[in-house]
Amino acid sequence: MDSGSRTRDSRTPSTGSGDPTALSRLSAPSPPSPPSRPSPLNRSRTVERELVHRTSVAEVLLTDVRPHGPLSFRAAAAWPRSHPTFPRGRDDRHSPWMIVETLRQLGIYIPLRHLDVPRTARFLIDDLSYALDVDAEPTAPHGASEVTCLVRVGGLRTDRDGNALTGLRMRVDFLADRRPFARAAGGARFLDAERYDRLRSGAGAAVPSGAGPRPEPALLGLASESDAVVAAAGEELLVCPADPRHPFLFDHGTDHVPGTALLEAARQAIALRSGGRLVRPVACRMSALRFTEHAPPAVIHCSTQGRTGEFLFRQGGTTTAEGVLRYP
């Protein structure tokens, strides 16, 4: 689960799909019973930034990941009190995107560190989902929230020779103070550098920014316009980052729009369409059908009904990603 979106290009056979029942199944997180009392996880330093595909050490959330049975792992994450992009709310609750980013980092670290996927591989998200229990989630204390992750890996796929891992699925339970508060799941593919280069031949790497009219940050649930990734073009909303070198959404250069940027664009679009009413999603499902390119900017289509917002991204007349966000 790299910083790229789920990227199923029309030239690449499908290797996974979104689970339409994921939100309902994820609504009641509960951790599996550990077989024995495990040793304490390290919470003193972060893991190597290269093993979670981050350029900035400040954006690394994981501090330890250890095997805990066949294809099971325990992990520690530190959610900062003052994340610059996704600060805590007025009620001291963390941004739900901390769940997504922790899942993404686990989806990169575990294959690289424990499943023999080479560091040169390109990681592509197929789909992701999460559900958050607002009555159990932690609030930001002094410093950082210490989060424990119980990870289960399945759906392993290999190449025809059975020598190289080409994909997997992952499910993660999140606990704070031993209390479960969220569950997330996702699927990813791994391509070697040669195949990825063939697939993406001719794709542009530049991240364009636009000067089109931007909504008021408050309507997007933002404190600063620099965090906006949407812009108006007539009656349409476009994926158009105000900061093409955004420290979180574009931590390093990519040849397509990262999945986290797509999710944030969908969140901002729904916040705007709802007049600032729907801002903090407590459940999410996103699937992508193709790469979402930087240019021309993708158009965001969204609608709201009650506490649910649906979205899809279209580019060149083709849907590239779609999903749903749910709110308390």
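This briefing describes helix packing, aromatic pairs and selected backbone features of one protein model.

The model is predicted, so local features need pLDDT of at least 70 and side-chain atom pairs count only at pLDDT 80 or more, whereas totals for chains, interfaces and linings use all residues. Residues are numbered from 1 along each chain as its sequence is written, and side-chain values use heavy atoms, with hydrogens and water left out. Helices (H or I, at least four residues) and strands (E, at least two) are DSSP runs, numbered from the N terminus.

**Helix packing**

- Helix α2 (residues 97–114) packs with helix α4 (residues 259–273) at an angle of about 165°, and their axes are 11 Å apart. Axes are lines fitted to C-alpha atoms, for helices over the stretch in contact, and angles run from 0 to 180 degrees between N-to-C directions.
- The helices α2 and α4 are therefore roughly antiparallel to each other. Angles over 145 degrees count as roughly antiparallel, under 35 as roughly parallel, 65 to 115 as roughly perpendicular and the rest as oblique.
- The crossing of α2 past α4 is right-handed, a term that applies if the near helix is turned clockwise from the far one by less than a right angle; left-handed applies if anticlockwise.
- Trp97, Val100 and Glu101 of α2 make the contact with Thr260, Leu263, Glu264 and Arg267 of α4, where contact means heavy atoms within 4.5 Å.
- By class, this contact of α2 with α4 has three nonpolar, one polar and three charged residues. Ala, Val, Leu, Ile, Met, Phe, Trp, Tyr, Cys and Pro count as nonpolar, Asp, Glu, Lys and Arg as charged, and the others, Gly among them, as polar.

**Aromatic pairs**

- Seven aromatic pairs are found in a search of the whole structure. Rings of Phe, Tyr and Trp (its six-membered ring) pair if their centres lie within 6.5 Å; planes over 60 degrees apart count as edge-to-face, under 30 as stacked and the rest as tilted.
- One of these pairs joins tryptophan 79 and phenylalanine 181 edge-to-face, at 5.7 Å centre to centre and 85° between the planes. Tryptophan 79 lies in strand β2 (residues 72–80) and phenylalanine 181 in strand β6 (residues 179–191), so the pair ties together parts that are 102 residues apart in sequence.
- Both tryptophan 79 and phenylalanine 181 are buried; buried means under 20% relative accessible area, exposed over 50%, and partly exposed in between (1.4 Å probe, protein chains only).
- Tryptophan 97 and tyrosine 130 form another edge-to-face pair, 6.3 Å centre to centre with 90° between the planes. This pair links distant parts of the chain, with tryptophan 97 in helix α2 and tyrosine 130 in strand β3 (residues 122–132), 33 residues apart.
- Tryptophan 97 counts as buried at 5% relative accessibility, and tyrosine 130 is buried with a relative accessible area of 1%.
- A cluster of Trp79, Phe174 and Phe181 is linked by ring pairs.

**Backbone features in loops**

- The peptide bond from alanine 295 to proline 296 is cis, with omega near -5°. Proline 296 is found in the loop between β9 (283–288) and β10 (299–305).
- Histidine 53, a residue other than glycine, has a positive phi near 55°. Histidine 53 lies in the loop between α1 (22–25) and β1 (62–67) and is buried, with a relative accessible area of 16%.
- Aspartate 116 also has a positive phi, near 65°. Aspartate 116 is placed in the loop between α2 and β3 and counts as exposed at 73% relative accessibility.

**Arginine 200**

- Arginine 200 is in the loop between α3 (193–199) and β7 (230–233) and counts as buried at 7% relative accessibility.
- Leaving aside neighbours within four places in sequence, arginine 200 is in contact with Asp255, His256, Phe291 and Glu293.
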